[in-house]
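Please work through the following exercises on aromatic rings and their contacts. Each task is followed by a solution in steps.

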Amino acid sequence: RRMAWAVVILLVVSLLVFWLVAISGDPLGALKANPKIPPAVIAARAHALGLDQPFFTRYWHWLTGVLHGNFGTRLDGNPVGPQLKSHLYVTLRMVIPATVIAVFVAIALGVWAATREGKSADYAITSSNFLLISVPVFVIALVLKDFVGIPINSHLHKTIFYTVGEQSATLSGGFFSRLPDYIAHAALPVITLVLVSYPFWSLYQRSSTLEVLESDYVRLARAKGLHPRRVLMRHILRNALLPVTTVIALDFATILGGALLTEIVYGWDGMGAWGFNGVVQLDFNTVQAYLIVTAFFIVLFNLIADILYGILDPRIRLT
């Protein structure tokens with residue numbers, strides 16, 4: 001049932017994305033503004049892009065193409081699909097490790113702060129979380145780049161952290177031979193996304209854990225003399241993760257938004273920067289591909305959250 005609803009949501013989103021992009025401007029505006037370009041050339045270009053067809057006909061052709069992996073062509077005539085694949089691969093090399101690390105850091109610090117409520121550790125963690133939440137992502141990226149990466153490289157007289165680009169230009173070989181170079185380039189961008197993502201999750205985890213700590217079943221488990229670690233892992237953490245799972249899934253769009261600015265600061269040629277250039281150039285198919293793929297990942301993470309709910313709380317499987 002959840003998967004069926006996910007498909008319906010994606011179909012509705014695809015229609016909204018296509019409509020919003022269609023009314024956002026004229027992709028042939030620059031050609032039409034040039035008096036030296038004959039109308040026949042503009043008409044041929046409009047026909048090639050399908051702009052001379054009715055809205056729903058264009059939408060149906062685009063949707064069926066997307067379902068077959070064909071995202072259309074760019075304004076320069078090149079297909080969107082291969083470029084989308086390459087740029088998405090670059091972005092996922094940043095987003096996936098950042099998400100995994102941020103989740104573990106948020107859970108660990110949130111539980112740590114909750115179990116030490118009112119103590120110095122709690123105040124330190126909570127204060128740092130609020131501080132990081134208030135700082136824009138590009139500021140964090142610039143600080144890490146100018147005051148961490150560059151000074152460390154200068155002090156050690158070798159490149160530990162790359163501050164520009166997603167990989168070296170002369171890189172060759174298989175994935176594992178390229179992995180050290182990938183890590184050196186991704187370290188600062190990944191840290192940036194982690195610092196942007198985990199603070200809010202950590203605060204939510206702390207609040208959820210505090211609520212569970214006051215529950216009757218936790219008091220009963222302690223009264224039975226169970227080991228504190230068993231109480232924490234089996235009774236506190238498992239139940240405290242339920243609301244946090246939803247928050248992380250819904251907040252995945254924040255990571256993708258942060259990835260856009262992070263890619264710009266660190267000079268990554270990822271999907272965010274690629275989609276942004278598509279907006280600037282009014283390249284419809286590029287923008288539509290970026291938005292529909294982003295929507296797909298957000299719906300996917302919400303579906304994963306539903307599955308994790310059933311794993312964390314078996315009672316949900318009966319509903």
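The exercises below concern ring pairs and charges over rings in a predicted model.

**Exercise 1.** Determine how the rings of Phe18 and Tyr59 are arranged, and where the two residues lie in the chain.

Solution. A search of the whole structure gives 7 aromatic pairs. For Phe18 and Tyr59, the ring centres are 5.7 Å apart and the planes meet at 65 degrees; the pair is therefore edge-to-face, since planes over 60 degrees apart count as such. Phe18 belongs to helix 1 (residues 2-22) and Tyr59 to helix 4 (residues 55-67), so that the pair links distant parts of the chain, 41 residues apart. Both Phe18 and Tyr59 are buried.

**Exercise 2.** Classify the pair formed by Tyr59 and Trp62, and state how the two residues are spaced in helix 4.

Solution. The ring centres of Tyr59 and Trp62 are separated by 6.3 Å and their planes by 40 degrees, so the pair is tilted. An angle of this kind falls between the limits of 30 degrees for stacked and 60 for edge-to-face. Within helix 4, Tyr59 and Trp62 are about one helical turn apart because 3 residues separate them. Tyr59 is buried, as is Trp62.

**Exercise 3.** Which residues do ring pairs link into a cluster?

Solution. The cluster consists of Phe18, Phe55, Phe56, Tyr59 and Trp62.

**Exercise 4.** Identify the rings over which Arg93 and Arg116 lie.

Solution. Arg93 places its charged end over the ring of Tyr182, 3.9 Å from the ring centre. Arg116 lies over the face of Trp112, and the distance to the ring centre is 3.6 Å.

Note on methods:
Residues are numbered from 1 along each chain as its sequence is written. This is a predicted model: local features need pLDDT of at least 70, side-chain atom pairs count only at pLDDT 80 or more; totals for chains, interfaces and linings use all residues. Side-chain values use heavy atoms; hydrogens and water are left out. Rings of Phe, Tyr and Trp (its six-membered ring) pair if their centres lie within 6.5 Å; planes under 30 degrees apart count as stacked, over 60 as edge-to-face and the rest as tilted. Helices (H or I, at least four residues) and strands (E, at least two) are DSSP runs, numbered from the N terminus. Buried means under 20% relative accessible area, exposed over 50%, partly exposed in between (1.4 Å probe, protein chains only). A charge sits over a ring if NZ of Lys or CZ of Arg is within 6 Å of the ring centre and within 35 degrees of the ring normal.
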